[in-house]
Amino acid sequence: MTTMPVMRAVVEVLKSEGVDMSFGCPGAAILPLYQAMEADGDIGHLIVRHEEGATHMADGWARTNGKVGVAIGTSGPAGTNMITGLYTAMADSIPILCITGQAPLGKLHQEAFQAVDIVDVAAPVTKWAVQVKEAAQAPWIFRRAFQIARSGRPGPVLIDLPLDVQKQTIEWDPDLDAPLPVHPVEPTAPRVDRALEMLLEAEKPLILAGGGVIGAGACAELREVAELLDVPVQVTLMGKGALDDDHRLNAGMTGIQTTQRYANASFLESDLVLAVGARFGDRHTGALDVYRGDRKFIHVDIEPTQIGRVFGPDLGIVSDAKLFLSSLRDAARSRSAAFSRPTWTSRITELKTTLERPLSDDSVPIKPQRVFAELNAAFGPDTYVVTAIGLYQIWSGMYQKVHKPRHYQVCGQAGPLGWEIPAAIGVKKALQSAGRGDTEVLGVVGDYGFQFLVEELAVAAQYRVPFVLVMLNNEYLGLIRQAEIDYDMNYQVDIHYDAYGTDNVTIMEGYGCSGRRVEQPGDIAEAIDWARKEAASTSRPVLVEIMVEREANSARGAAIDAVIEP
């Protein structure tokens, strides 16, 4: 058997699992791993400015290519700084691996420098958190971590590496090794047949496509089923892009925040909902009595404990989304019949035509919807969009057109401020690694969240990672100001001072990047065009800061039949 340093064996495992890029910050307790990476030379690495940024970069990477993203940090605060990123990935079912250094095993009970029980800290926000106590276990633990991250409902894992374990030598032959299998979760035929019967019996059915459809690579099967059965499709926020926004059967997004009026209307008229890879989040459902109504629900999820978590469906099916949709398609084809719902699909078209919110507006100050009209006109269907949490994200989900899966990246459940910049770096690096470096990445940001991880601009500048940032600046904690309306208050949410508050253009320039401020609606298109060209020519991020109406609101309400229009 071949003998080698244990960290070299770990690097061999990482490579065979498809890792060719990592994001992290070296520290004394993780240097043996970095030494092995340097000696090998096949895994790229970006030095982050904050370990939370590393996790969001790994997250963006994984969302783009479906692989397991890797973030690396040293002991102590490096690991605790990763917790928000682990929570974000856990909430959105994104497979990432965080690797942390640790004090030597013999020092852990002595309160050694930067020694923290990161395994227990990370346990609630990971699928698996483990400390390697025996060097010979390391490659097997890494294999198992990748298997867990990919299996069932995907998610994050963390491996903690004590310094003395990292320095050991083990017997390991990478030529005899291979990734552990991920076993498919197949639906049972009787439940597929029952789902088909329920769909055929319904007069006004909808398919609800969640993020699980995109994660499973099931978007082609979704479209085939929808077209074969002539069933309109709605998406959740995480499922945006699962079906082209311009497809005739796309019925929008129901919700009490990020929503289309025609989507809520069509949902309320439906009599059956087939939810695939969706978790019935509260900002999608609103009041459950209204959401459920008298309609029937079929819930398909790869994770058994998701079924019935929010409410009990009429039919639950545990399955991988791709395998279920393929089975449903094949079962429908075996009927040798034509399926058509002209009355229902025509009604969907009517609702879209009459209830779609207008985007054109020449008002000053600039209306938020005008920004998205310009973005839809400027950026093509291949563009990857990254956005996080706030009024700007809600407007983006409401107004922004998306045509392909994995092209709309949003931290849907956790909503950490500042996610966009590091996530955009991860997205762009994934595209570059795939030979698609010319594909544009657009980050839609707010003026407050922009500053949470703004230091990661230095990473993008140093490593020449270009993308366009479009900021909707209302000089407010806008979503919280809107939430305070129900409390009859406007308290501690105004961040305006001087002319524009924080000078975000100068911040960009301080990192060696570029920026431009826009105050007139007629100037938006030219500024976006400049930014796209500037990003391409400088290979660095470029900001278009758009000063929007300060107290513009988004859609909001407690129930999908009582949404207050913006």
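Me: Is K533 buried or exposed?
Reply: K533 has a relative accessible area of 55% in this predicted model, where local features need pLDDT of at least 70, side-chain atom pairs count only at pLDDT 80 or more, and totals for chains, interfaces and linings use all residues. Residues are numbered from 1 along each chain as its sequence is written, and side-chain values use heavy atoms, with hydrogens and water left out. Since buried means under 20% relative accessible area, partly exposed the range in between, and exposed over 50% (1.4 Å probe, protein chains only), K533 is exposed.

Me: Which residue forms a salt bridge with K533?
Reply: A salt bridge is a side-chain nitrogen of Lys or Arg within 4 Å of a carboxyl oxygen of Asp or Glu, and here the closest N and O atoms are 3.1 Å apart. Both residues lie in helix 23 (residues 524–538), four residues apart, about one turn of the helix; helices (H or I, at least four residues) and strands (E, at least two) are DSSP runs, numbered from the N terminus. The partner, at 34% relative accessibility, counts as partly exposed, and the partner of K533 is D529.

Me: How many residues apart in sequence are K401 and D246?
Reply: The side chains of K401 and D246 meet in a salt bridge, with 3.2 Å from N to O. K401 lies in the loop between helix 18 (391–399) and strand 15 (408–410), while D246 lies in the loop between strand 10 (233–235) and helix 12 (261–269). The pair therefore ties together parts of the sequence whose separation, in residues, is 155.

Me: Which residue meets E197 in a salt bridge?
Reply: The bridge spans 2.6 Å from N to O. It links distant parts of the chain, with E197 in helix 9 (residues 189–201) and its partner in the loop between helix 15 (321–333) and helix 16 (342–355), 138 residues apart. E197 is partly exposed, at 29%, and the partner is also partly exposed, at 35%; this partner is R335.

Me: How are helix 11 and helix 15 placed to each other, roughly parallel or roughly antiparallel?
Reply: Two packed helices are described by the angle between their axes and the distance between the axes. Axes are lines fitted to C-alpha atoms, for helices over the stretch in contact, and angles run from 0 to 180 degrees between N-to-C directions; helix 11 (residues 219–229) and helix 15 pack at about 30°, with their axes 9 Å apart. Angles under 35 degrees count as roughly parallel, over 145 as roughly antiparallel, 65 to 115 as roughly perpendicular and the rest as oblique, so the two helices are roughly parallel.
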